[in-house]
Amino acid sequence: MAPLHPHRAFWLIAATYVMVLFASAAPSPLYPVYQQLWGFSSLTLTLVFAVYVVTMLMSLLTVGSLSDHIGRRPVLAVALALLIVSMVLFVVAGDVGTLLAARALQGLATGAAMGTLTATTVDLQPTARMGSTIIGAAPAMGLAGGVAVAGLLVEYAPAPRILVFEIILALFAALLIALLVVPETGERAGFHSRRHLAVTLAPQISVPRVVRGVFFASTPALIATWSLGGLYLSLGSSVVSRVFGVTNHGAAGLILFVFFACAAVTSLLITGRSSTVKSAFGYPALAAGVLISLSGVLVESLPLYVIGSVVAGSGWAATFLGAMDNISAATPPAQRGQVFSSVFVASYLAFSVPAVIAGIVVSHIGLRDTIIGYVGYVLVVALIGAILTIVMRRRSPADYDEPTIRMASSA
């Protein structure tokens with residue numbers, strides 16, 4: 001089979017990127033269904049959420065840089081195969097144990113895929129602007145689609161516990177076959193010795209020295225954005241049902257969809273702007289959005305909550321894109337898998353740890369007080385990120401101008 005033209009391969013990888021995130025969000029609307037069906041506690045529900053994140057982080061920490069050594073395609077092929085098996089487990093799940101196994105395997109596969117998909121996207125990007133668009137929009141599009149589609153299927157489709165996973169399984173199978181014609185973009189440098197292999201697979205977060213300054217300055221942006229995403233996916237359903245009285249799973253999914261959909265649209269609209277503009281818009285919009293959403297929760301106004309979600313989603317996208325542009329610009333091509341895996345380690349720690357803590361705390365202090373504390377935490381981290389961005393920009397303006405980003409990203 002002749003390999004695809006790089007531009008067509010780019011769109012295939014973009015579709016894979018979206019689908020992996022789509023699948024990661026799809027189980028969320030089903031958790032109340034599983035809980036009602038099998039009668040497990042809120043603590044068990046938190047464990048189901050946590051096991052996915054733990055296994056994904058293990059995968060990111062161990063095989064995150066593997067594609068820099070053996071190529072992108074082998075890592076993506078294994079990840080897609082594991083995702084297919086995890087979808088089979090979701091389809092046949094009849095108890096909590098199988099559900100935990102499905103979510104754990106999905107976490108391992110997603111961790112292997114995320115850094116490699118991001119690196120492959122940058123490798124194949126037709127232009128730096130297009131690569132930045134996909135990197136910023138794909139997570140939001142995938143999460144938005146997963147929540148909305150799964151919610152609608154749960155409410156209105158036959159076999160709600162099965163159908164969404166059968167659809168995802170079929171799409172992953174098609175993507176795995178299509179991967180055969182994607183050109184290899186990694187160098188396949190291999191390993192010098194068994195010790196080199198062991199060191200590479202040892203759990204670690206490693207960022208090359210040349211990237212560290214920009215990476216750590218961008219870390220608060222990753223933490224603030226992904227923590228906010230974790231809030232919507234972990235407590236969002238509880239807010240919609242308990243505060244606003246929305247019990248329809250489809251409607252609840254669409255309300256949560258607003259946040260991620262606005263993030264995706266903003267990614268498309270702002271992608272041509274410099275990282276300076278993205279950060280300058282992103283941080284204030286993020287802060288304003290979460291404050292408006294919090295106000296909606298406190299006064300029990302669903303329209304106000306939705307407006308806040310629109311603003312916060314736009315801020316989420318711009319802030320995340322600004323950080324990713326800066327990191328992409330500073331990263332050498334041969335180390336993209338390693339660096340982007342470290343990016344997603346930081347992101348998913350921020351996505352999961354506060355959400356798990358909030359899930360535990362909510363039973364002790366109540367939903368509203370938990371939301372207030374969570375919003376306060378996101379605002380503090382966002383403020384730190386804005387300050388660090390300003391300081392780093394003044395110290396090293398060359399790392400943040402648009403020509404540098406374009407040249408480094410297209411290297």
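Which residues in α5 are buried? The legends below take up this question first and then turn to other parts of the predicted model.

**Figure 1. Helix α5 and its buried residues.** In α5, the buried residues are R72, V75, L76, A79, L80, L83, I84, S86, M87 and F90. An α-helix has 3.6 residues a turn, so residues three or four places apart point the same way. The helix covers residues 72-92, and its 21 residues should span 30 Å at 1.5 Å a residue; the end C-alpha atoms lie 31 Å apart, which agrees.

**Figure 2. The salt bridge between R72 and D123.** The closest N and O atoms of R72 and D123 are 2.8 Å apart. Because R72 belongs to helix α5 and D123 to helix α6, the pair ties together parts that are 51 residues apart in sequence. R72 counts as buried, at 4% relative accessibility, whereas D123 counts as partly exposed, at 22%.

Figure 3. Apart from neighbours within four places in sequence, T121 is in contact with F10, I13, Y17, G131, I134 and I135.

**Figure 4. The salt bridge between K278 and D325.** Here the closest N and O atoms are 2.4 Å apart. The pair links distant parts of the chain, with K278 in helix α13 (residues 275-299) and D325 in helix α14 (residues 302-330), 47 residues apart. K278 is buried, at 0% relative accessibility, and D325 is buried with a relative accessible area of 6%.

**Figure 5. The salt bridge between E300 and R368.** The side chains of these two residues meet at 2.4 Å, N to O. E300 lies in the loop between α13 and α14 and R368 in helix α16 (residues 367-395), so the pair ties together parts that are 68 residues apart in sequence. E300 counts as partly exposed at 48% relative accessibility, and R368 counts as partly exposed at 33%.

**Figure 6. W226 in the largest nonpolar core.** This core has 120 residues, of which I168, F172, W226, L228 and W316 touch the most other members. Neighbours within four places in sequence aside, W226 is in contact with P139, L143, W316, F320, F344, S347, Y348, A350 and F351.

Figure 7. Helices α7 (128-156) and α12 (249-270) each supply at least two of its residues. L254, found in helix α12, counts as partly exposed at 40% relative accessibility.

Note on methods:
Residues are numbered from 1 along each chain as its sequence is written. This is a predicted model: local features need pLDDT of at least 70, side-chain atom pairs count only at pLDDT 80 or more; totals for chains, interfaces and linings use all residues. Side-chain values use heavy atoms; hydrogens and water are left out. A nonpolar core is a set of buried Ala, Val, Leu, Ile, Met, Phe, Trp, Tyr and Cys residues joined through side-chain atoms within 4.5 Å. Buried means under 20% relative accessible area, exposed over 50%, partly exposed in between (1.4 Å probe, protein chains only). Contact means heavy atoms within 4.5 Å. Helices (H or I, at least four residues) and strands (E, at least two) are DSSP runs, numbered from the N terminus. The expected span of a helix is 1.5 Å times one less than its number of residues. A salt bridge is a side-chain nitrogen of Lys or Arg within 4 Å of a carboxyl oxygen of Asp or Glu.
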